[in-house]
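Morning, everyone. I have one structure to walk you through today. Have a look at it first.

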Amino acid sequence: MGSIPEIPVGALLSSAANNNKNNIPLLGYGTASWPFGEAGEIVKESILTAIKLGYRHFDAAAVYESEQCLGEAISLALDTGLIKSRSELFITSKLWCSDVHPRRVLPALQNTLQKLGLEYLDLYLIHFPISMKPEGGYAVPFSQSDLLPMDFKSVWEAMEECHKLGLTKNIGVSNFSSKKIEQLLLTANIRPAVNQVEISPLWQQKKLRKFCEEHGIHVTAYSPLGARGTLWGTNEVMECEVLKEIAKSKGKTVAQVCLRWVYEQGVSVLVKSFNEERIRENLNIFGWMLSPEESEKINQILQRKGYRGIEFLSDGGPFKTVEDLWDEEIDLHVTE
């Protein structure tokens with residue numbers, strides 16, 4: 001099995017700033033399990049399996065409560081010789097909403113690094129474009145009365161300071177629309193290296209991908225298989241008849257077809273499974289291609305967003321409708 005392809009990320013708006021450009025593996029392993037924090041040992045063992053099989057890009061977040069497990073797995077991988085140095089890995093984590101305040105960003109990152117047992121991250125992301133009262137902590141679900149507007153300028157300045165201190169090689173965002181990135185860019189000195197968003201054959205994000213490409217922002221896809229069984233997931237991706245037909249004709253799994261399609265869009269993709277055989281299968285998306293006809297069939301799939309973000313809506317908060325949150329129309333009709 002060959003190694004996973006990589007591409008450079010990290011672009012600065014200020015030429016005077018230090019450029020820590022590095023490579024992101026285009027297939028990564030997600031560490032979120034639902035409910036958060038309840039499958040620690042399983043998560044750790046699965047990460048070790050993923051490292052053994054060749055994954056080098058790992059995605060965590062403060063709110064997932066997976067940083068400790070990931071850190072323990074990395075330590076074990078080093079001790080047992082699965083990897084020779086930490087530099088072989090690309091580690092991402094995310095700033096949760098209760099820490100999306102200027103003075104809380106640096107302490108939050110330091111806490112993340114302590115849990116991971118690392119000196120630096122490869123990528124640190126703002127998880128959502130919204131703040132929350134600090135006392136809300138990392139509890140999910142959370143109280144909608146805790147939701148607050150994000151101070152884009154000051155919070156991003158704090159993220160830039162983390163980069164300048166060498167605590168993270170790259171900084172970026174997650175779940176940001178084009179409009180919200182534009183707002184951030186008005187005062188940014190360092191352009192977000194990455195925007196991590198939901199992308200699957202059922203939510204292709206063509207306009208957002210084009211916007212990010214035009215602004216030198218790499219896109220990472222989460223929930224490419226729909227993340228069924230989670231708070232934010234849907235069964236519709238894996239049950240899609242078009243994808244089933246393509247998978248059958250190619251002798252591939254539906255998951256492999258989804259992951260290959262996302263990869264062919266030029267973005268990196270995160271996938272998660274606790275099953276060793278599926279972890280292995282999900283790696284087998286290289287060395288073959290979708291035909292133009294198959295790609296066109298996927299392009300024609302009716303678009304339906306899996307994660308609507310309803311919990312971030314509040315009459316008294318910054319986002320009153322899903323359109324406010326995502327800056328586009330979202331179909332709220334749920335099908336089984």
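Which helices and strands do the buried residues of H2 pack against? They pack against helix H1 (40-53), strand S4 (57-59), strand S5 (90-95) and helix H3 (105-116).

Some ground rules. This is a predicted model, where local features need pLDDT of at least 70 and side-chain atom pairs count only at pLDDT 80 or more, while totals for chains, interfaces and linings use all residues. Residues are numbered from 1 along each chain as its sequence is written, and side-chain values use heavy atoms, with hydrogens and water left out.

Now the terms. Helices (H or I, at least four residues) and strands (E, at least two) are DSSP runs, numbered from the N terminus. Buried means under 20% relative accessible area, exposed over 50%, partly exposed in between, with a 1.4 Å probe and protein chains only. Contact means heavy atoms within 4.5 Å.

Back to H2. Helix H2 covers residues 67-79. Its buried residues are Glu67, Cys69, Leu70, Gly71, Ala73, Ile74 and Ala77. Remember the general rule: an α-helix has 3.6 residues a turn, so residues three or four places apart point the same way. After H2 comes glycine 81, with a positive phi near 80°.

Next, the whole chain. The chain has eleven helices and twelve strands. Its radius of gyration (over C-alpha atoms) is 19 Å, close to the 20 Å that the globule rule gives for 336 residues, so the chain is as compact as a globular protein of that length. That rule is 2.2 Å times the number of residues to the power 0.38. Of the 336 residues, 56% count as buried.

What about the inside? The largest nonpolar core has 83 residues. A nonpolar core is a set of buried Ala, Val, Leu, Ile, Met, Phe, Trp, Tyr and Cys residues joined through side-chain atoms within 4.5 Å. Tyr55, Phe58, Ile91, Ile126 and Leu243 have the most contacts inside the largest core. Helix H8 (residues 254-264) gives the most to this core, with eight residues. Apart from it lies another core, of 23 residues, among them Phe36 and Met132.

Last stop: strand S11, residues 218-222. Why is S11 called largely enclosed? Because five of its five residues are buried. His218, Thr220 and Tyr222 sit on one side, Val219 and Ala221 on the other. S11 pairs with strand S10 (residues 194-198) in the parallel sense, over five bridges. Two strands pair if DSSP finds at least two bridges between them. Valine 197 stands opposite alanine 221 in S11.

Definitions and conventions: Expected span 1.5 Å × (residues − 1).
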